[in-house]
Amino acid sequence: MKRLILTRHAKSSWDDPMTPDHDRPLNERGKAAAADLGQWLASRDYVPEEVLCSDALRTRKTFSGFVTELRLHKACKLLKENELSVTSICYDCGFNNVSNFNRQFLKQYEMNPVKYRKLFF
């Protein structure tokens, strides 16, 4: 069955009131909310097949924030369930390079993927 998920951009920054509406970035609360949305989607295995997204900065940042969470959730699952290389898992989860994957993983879980895997094997 198809599922329609509607989201709104996360909280945007008003630090510079002269910034045009289209160019406003997310504030810290908005970045956290985007990550929370990704965790919520991942916990229910809701992975979008298609996305329609405004080209406004805050909507693109909201989307990229929750996509990163979905990718990291999938990586954790793969690290726990099989012995694929970290490089294979990186690319299977949609990251474009291993360095960025490791950086994002470390930021989220405070350990690298190899150390994470050792917790389960």
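The model is predicted, so local features need pLDDT of at least 70, side-chain atom pairs count only at pLDDT 80 or more, and totals for chains, interfaces and linings use all residues. Residues are numbered from 1 along each chain as its sequence is written, and side-chain values use heavy atoms, leaving out hydrogens and water.

Let's start with confidence. pLDDT is the predictor's confidence in each residue, on a scale from 0 to 100. The protein averages 93, and 100% of its residues score at least 70. Among its elements, helix α3 (residues 86-92) has the highest mean pLDDT, 97, while α1 has the lowest, 91. Helices here are DSSP runs of H or I with at least four residues, strands are runs of E with at least two, and both are numbered from the N terminus.

Now look at the rings. Rings of Phe, Tyr and Trp (its six-membered ring) pair if their centres lie within 6.5 Å; planes under 30 degrees apart count as stacked, over 60 as edge-to-face, and the rest as tilted. The whole structure holds 8 aromatic pairs. One of them joins Phe 95 and Phe 101, a tilted pair with 5.1 Å between centres and 55° between planes. Both of these residues are buried, where buried means under 20% relative accessible area, exposed over 50%, and partly exposed in between (1.4 Å probe, protein chains only).

Phe 105 and Tyr 109 are also tilted, because their planes meet at 45°, with the centres 4.8 Å apart. They are 4 residues apart in helix α4, so about one helical turn separates them. Phe 105 is buried at 0% relative accessible area, whereas Tyr 109 is partly exposed at 26%. Phe 95, Phe 101, Phe 105, Tyr 109, Tyr 116 and Phe 120 form one aromatic cluster.

What about the cysteines? A disulfide is counted when two cysteine sulfur atoms lie within 2.5 Å, and the search finds 0 of them. For Cys 76, the nearest cysteine sulfur is that of Cys 93, 8.8 Å away. Cys 76 is buried, with a relative accessible area of 6%, while Cys 53 is partly exposed at 38%.

Finally, visit two loops. Most residues other than glycine have a negative phi. Asp 45, however, has a positive phi of about 55°; Asp 45 lies in the loop between α1 (28-43) and α2 (57-81) and is exposed at 57%. Glu 110 also has a positive phi, near 55°. Glu 110 sits in the loop between α4 (98-109) and α5 (113-118), and is exposed at 70%.
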